[in-house]
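Look over the sequence and the 3D structure below. Then follow the paragraphs from one contact to the wider fold.

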Amino acid sequence: MTPIDLNSDLGESFGPWPMGDDVSMLAIVTSANIACGFHAGDPAGILSVLKDAAHRGVSVGAHVGYRDLVGFGRRNMEPTSAELVADTIYQIGALRGLARAAGTRVRYVKPHGALYNTMAHDARQAADVIEGIRAIDPSLVLMALAGAPIVIQARAAGLTVVCEAFADRAYNADGSLVSRRLPGSVIHDPQAIAERMLRLVAEGCITAIDGTDIALEAQSICVHGDTPSAVAVARTLRDTLISQGIELKAFTNG
């Protein structure tokens with residue numbers, strides 16, 4: 001079967017407040033979405049995670065988000081186009097500098113939280129982030145929600161797009177993610193998560209929250225790093241996929 005990438009959101013601790021187990025996750029995933037300081041993360045912590053990613057050969061992406069530390073980037077916002085373009089450039093630029101100091105480089109961009117979900121269907125905000133990426137480095141890959149309009153929009157603008165599925169999030173029948181405000185939006189059972197992702201890789205489909213099957217074409221699977229069971233979920237998923245002969249490999253080159 002086609003190789004699959006495993007990614008996780010890392011570098012989100014802030015000063016003395018830890019968020020997730022980055023060290024353990026970097027031993028499991030093949031790509032790391034590193035916070036850029038807007039929704040989470042501080043320079044020293046981000047640099048430390050980048051150095052560990054470089055040491056382990058894990059591909060690095062810029063996890064750009066809204067300027068929303070208090071809300072962890074999960075509150076809907078309406079920045080102007082000028083703000084969002086510049087914020088995108090600023091975050092990628094900051095992470096690129098830290099990555100260079102750590103001996104690695106930023107290879108892709110994955111928007112975070114509310115920005116990610118808004119971009120999936122909001123053509124204006126999507127265009128702003130796309131413009132920001134193209135302005136700083138058009139060779140950067142955009143990671144986006146499988147099946148969402150942003151995929152077509154970004155490819156039409158000249159970006160390479162990698163589609164992802166979420167291992168631990170429930171889906172609506174239209175392919176969107178179930179809101180975190182609703183019960184059942186996050187799946188916690190490691191074995192159940194591994195089995196649904198194995199089916200996704202093998203058959204290209206997943207069961208939505210209403211019980212219907214939906215088709216998804218994904219080259220990467222995300223396991224959130226900020227849930228209590230994150231490491232157990234990621235490890236079980238990795239072991240299950242490998243046991244079935246599925247190769248885990250970053251979608252970026254080198």
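The side chains of Ser-24 and Asp-21 are joined by a polar contact of 2.7 Å. Such a contact is a pair of N or O atoms within 3.5 Å; within protein, one must be able to donate a hydrogen and the other to accept it, and residues adjacent in sequence count only if both atoms are side-chain atoms. This is a predicted model, where local features need pLDDT of at least 70, side-chain atom pairs count only at pLDDT 80 or more, and totals for chains, interfaces and linings use all residues. Residues are numbered from 1 along each chain as its sequence is written, and side-chain values use heavy atoms, without hydrogens and water.

Ser-24 sits in helix H1, residues 22-26. Helices (H or I, at least four residues) and strands (E, at least two) are DSSP runs, numbered from the N terminus. Gly-225 is 201 residues away from Ser-24 along the chain, yet their C-alpha atoms are 9.9 Å apart.

Now the strands. Seven of them form a closed barrel, in the order S1-S2-S3-S4-S5-S6-S9, with parallel pairing. Two strands pair if DSSP finds at least two bridges between them. Take S3 (residues 59-63) and S4 (residues 106-109): they pair in the parallel sense over three bridges. Ala-62 has Val-109 in S4 as its bridge partner.

Next, two helices. H7 (residues 190-203) meets H8 (residues 230-243), and residues in this contact (heavy atoms within 4.5 Å) include Met-197 in H7 and Leu-237 in H8. The contact residues divide into 10 nonpolar (Ala, Val, Leu, Ile, Met, Phe, Trp, Tyr, Cys and Pro), no charged (Asp, Glu, Lys and Arg) and three polar (the others, Gly among them).

Technical notes: Axes fitted to C-alpha atoms, helices over the stretch in contact; angles between N-to-C directions.
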